[in-house]
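This briefing covers backbone angles, a helix contact, and the spaces inside one protein model. Please look at the sequence and the structure before reading on.

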Amino acid sequence: MLNTILPILIFTALALAAIGAVRRVNLWRQGRPSRVNLFKGLAALPRRYLVDLHHVVARDKLISNTHVATAGGFVAAAMLMILVHGLGFANPLLGGLLLLASASMFVGSLFVARRRINPPTRLSKGPWMRLPKSLMAFSVGVFLITLPTVGLLPEGLLEGSGSWFLVVALVGLVAWGLGEMFFGMTWGGPMKHAFAGALHLAFHRRPERFSTKKGGGGRSTGLKALNLEDEAAPLGVEKPADFTWNQLLGFDACVQCGRCEAACPALAAGQPLNPKKLIQDMVVGMAGGSDAQYAGTPYPGKPVGEHRGTPHGPIVAPAALPEGASLVDAETLWSCTTCRACVEECPMMIEHVDAIVDMRRHLTLERGKTPNKGAEVLDNLIATDNPGGFDPGSRLNWAADLNLPLMADLKQVDVLLWLGDGSFDMRNQRTLRALVKVLRAAEVDFAVLGDEERDSGDVARRLGDEATFQSLAKRNIATLSKYRFQQIVTCDPHSFHVLGNEYGELGGVYEVRHHSTFIAELYDAGRLTFSPWKGGNVTYHDPCYLGRYNGEYEAPRNVLKALGIEVKEMERSGYRSRCCGGGGGAPITDIPGERRIPDMRMNDVKESGAELVAVGCPQCTAMLEGVVDTSAEVRDIAELAADALVERPAAEASGASRQPAATTTAEEVIV
């Protein structure tokens, strides 16, 4: 009896799953075209899943082992079940492997159940609470029906006339498991991520994120450029169908683990943003409906069930539309600091920040709806090439006594020092003066662009004004093409990121160094000597655009170590560093919350016991120094290095100056 029922059950579940898969694919195909290499993506899937994905999951060893046991057991058990009980290839070897796989899955499901007893707030509840029971039903059901196959139960035990109750119980157990694992995987449910997630990894919008090196760790963080010359292309994303199809696929892959929300500084500050909820809202918009079924943490101050959307309806409704016609509110998008903490923590490698900037582009370019001081800053960038609206000719006023060499005079140098718009800020001018002092102490051959330098375009791009960004970038690229240099050095991680990672798509390819990296290289080359640190306890704040965006965590700490400083690390440091609140134009859009992000960060400093926080970003300096009632001093790494400089004998300095500060050859110079 059971041998007859099981194949029917299995292949019915597979057929329904296939129908659901077609339906799911059609939902994704509502998005705009995006080229992918079908076979290359599928071939890369095992490595991306087993290496890159687990590189993130393995940060929590218990969850990692649970996932290996549960997911690995399920995949093996599902394939073997089809062979043994679906196609009738029953033999002790396959049966024994099926028992092991289902037992592994059951052990993993016990840990899933334990985690769901008192789940952390970041985990979605609702349908997810039944997941442990469904996992157990599948694994136990498959285990029991396989026992006769390996001779651990008599073959005729389930065939007698009095065994109908046992057969019905087993069939019910297996049907429950198949319903959740196969049917629910493609029709929607807690296991949806298993289907969508696999395809998302295969056809990811950023395949360059996946490393071929041992341990994974690929990095791709530059925003994708809009083709402004294509009049048919949308300027940003107005509706869910304006996303590319593989972006929609990525949203659908969300496992609702909540790692992103736990890392989000805006949510912690009580601003109306939760990256997990935002991704689920995009899924709602893709399929059509309301957010009433969402079972996780809502946006602060915004009840669940009041928003709805459709694939071809606006994500942020114009004011003319009735209340409730919006999928998300504009202030949700403007709350993001673009710190990429959500992206860094996401095990499914979903690109939250890309999606937010895509939606901002529509609000800025099509509707002109950049909040608070956003419009003023963008107007300043257009009129004066800097966000503050300062006279472009005053960019070097702070350095009148320094006699800085100009690229226009020298034409060719080893290092181009990119000043950034911090050159208009009195506080950051101290950092720049300190950096110049360090470069001259190491006898670095450098020059600045002076009045020829324009804003890098970072703020314009994060505020969604792609047109102004590209205008600034192309003009900077044209200026840089007139000169020869080996590398660009800057103390601004935002300029560092844009010049190094986002100008390339527009034709400007350069080797760019953050000043902490360059100072560390100069010290290692013997071109700098420091006196030992005699101050108090020091901690270091990792700038988002240096750390998470560019993977540079060690160089600043190496400089501090060279100064004789033993860093007292904050609880949230390195790739889990808390944002200062200064990125993504957040200080400009200024969305209110329950508290300020920099206040939270300075509280982290206080808890570390440090009397001084070392930074490597002018925006971080401004945000952290803006915190009132704090006893910790904020100083840039360049300032600490300049204060500790020891003058070397002239002969020694002359000898060291003949050594290049970088490995780039003349042939590699960008012209």
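Is Asp590 buried or exposed? Asp590 is exposed, because its relative accessible area is 52% and the cut-off for exposed is over 50%. The model is a predicted one, and the points below are grouped by topic.

- Most residues other than glycine have a negative phi.
- Asp590 is not a glycine, yet its phi is positive, near 50°.
- Asp590 sits in the loop that runs between helix H23 (586-589) and helix H24 (597-608).
- Glu443 is also not a glycine, and it has a positive phi of about 55°.
- The place of Glu443 is the loop between helix H17 (426-441) and strand E4 (446-448).
- Glu443 is partly exposed, because its relative accessible area is 37%, which lies between the cut-offs of 20% and 50%.

**Helix H11 against helix H14**

- Helix H11 (residues 275-287) and helix H14 (residues 352-366) have axes that come within 11 Å and cross at roughly 65°.
- This crossing of H11 and H14 is left-handed.
- On the H11 side, the residues in the contact are Pro275, Leu278, Ile279 and Met282.
- On the H14 side, they are His352, Ile356 and Met359.
- By class, the contact of H11 with H14 has 6 nonpolar residues, 1 polar residue and no charged ones.

**Cavities**

- The model has 5 cavities of 30 Å³ or more.
- The largest cavity holds about 100 Å³ of space.
- It is lined by 14 residues, and those closest to its centre are Cys264, Leu273, Cys336, Cys339 and Cys342.
- Helix H10 (265-268) and H14 are the elements that give two or more residues to the lining of the largest cavity.
- H14 gives the most to this lining, with 3 residues.
- The lining of the largest cavity is made up of 10 nonpolar, 3 polar and 1 charged residues.

**The largest pocket**

- The largest pocket contains about 1,300 Å³ of space.
- Its lining has 46 residues, and Tyr49, His67, Ala71, Met191 and His193 lie nearest the centre.
- At least two lining residues come from each of helix H1 (2-28), helix H2 (38-57), helix H3 (61-86), helix H4 (92-115), helix H5 (131-146), helix H6 (164-187) and helix H7 (192-202).
- H3 supplies the largest share of the lining of the largest pocket, 12 residues.
- The classes in the lining of the largest pocket are 33 nonpolar, 9 polar and 4 charged.

**The second largest pocket**

- The second largest pocket contains about 690 Å³ of space.
- Of the 29 residues that line the second largest pocket, Pro387, Asp421, Gly422, Val459 and Gln619 lie nearest its centre.
- Helix H18 (458-462), helix H20 (493-502), H23 and helix H25 (618-625) each give at least two residues to the lining of the second largest pocket.
- H25 supplies the largest share of this lining, 4 residues.
- The lining of the second largest pocket divides into 11 nonpolar, 13 polar and 5 charged residues.

How values were computed:
Residues are numbered from 1 along each chain as its sequence is written. This is a predicted model: local features need pLDDT of at least 70, side-chain atom pairs count only at pLDDT 80 or more; totals for chains, interfaces and linings use all residues. Side-chain values use heavy atoms; hydrogens and water are left out. Buried means under 20% relative accessible area, exposed over 50%, partly exposed in between (1.4 Å probe, protein chains only). Axes are lines fitted to C-alpha atoms, for helices over the stretch in contact, and angles run from 0 to 180 degrees between N-to-C directions. A crossing is left-handed if the near helix is turned anticlockwise from the far one by less than a right angle, and right-handed if clockwise. Contact means heavy atoms within 4.5 Å. Ala, Val, Leu, Ile, Met, Phe, Trp, Tyr, Cys and Pro count as nonpolar, Asp, Glu, Lys and Arg as charged, and the others, Gly among them, as polar. On a 1 Å grid over the protein atoms alone, a cavity is a set of points where a 1.4 Å probe fits but cannot get out, and a pocket is an open set with protein on both sides within 12 Å along at least five of seven lines; lining residues have an atom within 4 Å of a point. Grid points are joined across faces, edges and corners, and a volume is the space filled by probe spheres set on the points.
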